[in-house]
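Let's read a fold together, one feature at a time. Bring your questions, and we will go from the general idea to the case at hand.

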Amino acid sequence: MPGSSLPFSQKSLSRLSTKGLSYEVLKKEIGEEDVEFGLELLRAQGVDLVKKNALYYFSTKFTPIEDATFCIVDIETNGSKLEKHQIIEIAALKVKNKKIVDSFESLIRCKEINQHITDITGITVQDTKNAPKLKQVLQEFRSFLGDAVFVAHDVKFDYRFISGSLEKVGLMPLTNRALCSIDLAERTIPSYRYGLKYLNDYLHLHPEATHHRAMSDVITTYRLFVKSLDNLPEDVKSVEDLIAFSKNGKRLKRPKFDPLLPVEEKEKEKKKED
């Protein structure tokens, strides 16, 4: 999990999703005398561990993809550095069995948004004047997210920025299982590029999209995610299968030429290749 604050080594994280972790190792790594209390704390942060045949696993190892809840998330920020900048808009869709089951969306009060960010997002300081403060929105988002699998296009940025922002306002960081829709798309949908805007234009995912607005990008990512699920190999059945496939599955071969280029541009590119 990108930026996850789970109290486990990389080896133990791998075992929790595959072969299981013994009680002794689990107790040592979570640092709690009362293991059940430690597990409750982890559940409160968004990750559920279950016991099976005397070993502990992520519950998602045994959750079929169609039974899982995925939370597709996007944020807009007034800069890329967590220590200096903040989230100015957040949106999310909860998805189960490819269907939207719930939604979350909010602007966040912000005292400073430079013109470059406004040019990209269309969001001004005035737009956020009556929006709730960061801590309130993050508390509400955390409750909305629950223990769902966190999905985003370039998940490392969104996950780490939200998790770090939670800590900045005095809340617990994220521990949810996470999945990157770019990684998954690269293994399920052949495309010349995998930026969200390019995929939207190429696949006609969301014709009314307003790029760099949180809910619009979430809707686009949701439709991309469903297409990816439709193209999964048959042996990818559980949530942990899906996460592992998104990281380790073979990437599809990209087209040699950009199919969105005008015909004359393609001919120029082809001549360059020759």
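Q: In what order do the strands of the open sheet come?

A: In general, strands of a sheet pair through backbone hydrogen bonds, either parallel or antiparallel. Here five strands form an open sheet in the order β6-β5-β4-β7-β8, with mixed pairing. Strands (E, at least two residues) and helices (H or I, at least four) are DSSP runs numbered from the N terminus, and two strands pair if DSSP finds at least two bridges between them. β6 (99-107) and β8 (178-180) each have a single partner strand, so one side of each lacks a neighbour in the sheet. This is a predicted model: local features need pLDDT of at least 70, side-chain atom pairs count only at pLDDT 80 or more, and totals for chains, interfaces and linings use all residues. Residues are numbered from 1 along each chain as its sequence is written, and side-chain values use heavy atoms, with hydrogens and water left out.

Q: In which sense do β5 and β6 pair, and over how many bridges?

A: β5 (residues 87-96) pairs with β6 in the antiparallel sense, over eight bridges. Within this pairing, Glu-89 has Leu-107 of β6 as its bridge partner.

Q: Which residues have the most contacts inside the largest nonpolar core?

A: In soluble globular proteins, nonpolar side chains tend to be buried together. A nonpolar core is a set of buried Ala, Val, Leu, Ile, Met, Phe, Trp, Tyr and Cys residues joined through side-chain atoms within 4.5 Å. Buried means under 20% relative accessible area, exposed over 50%, and partly exposed in between (1.4 Å probe, protein chains only). The largest core here has 26 residues, and Ile-87, Ile-90, Phe-141, Phe-150 and Ile-162 have the most contacts inside it. Helix α5 (134-145) gives the most to this core, with six residues.

Q: How many aromatic pairs are there, and how do I read their geometry?

A: Rings of Phe, Tyr and Trp (its six-membered ring) pair if their centres lie within 6.5 Å; planes under 30 degrees apart are stacked, over 60 edge-to-face, and the rest tilted. The whole structure has seven such pairs. Phe-150 and Tyr-159 are edge-to-face, with 5.1 Å centre to centre and 70° between the planes, and both are buried. Tyr-198 and Tyr-202 have centres 6.1 Å apart and planes at 35°, so that pair is tilted.

Q: Are Tyr-198 and Tyr-202 buried or partly exposed?

A: Tyr-198 has 10% relative accessibility, so Tyr-198 counts as buried. Tyr-202, at 26%, counts as partly exposed. Both lie in helix α8 (residues 196-203), four residues apart, about one turn of the helix.
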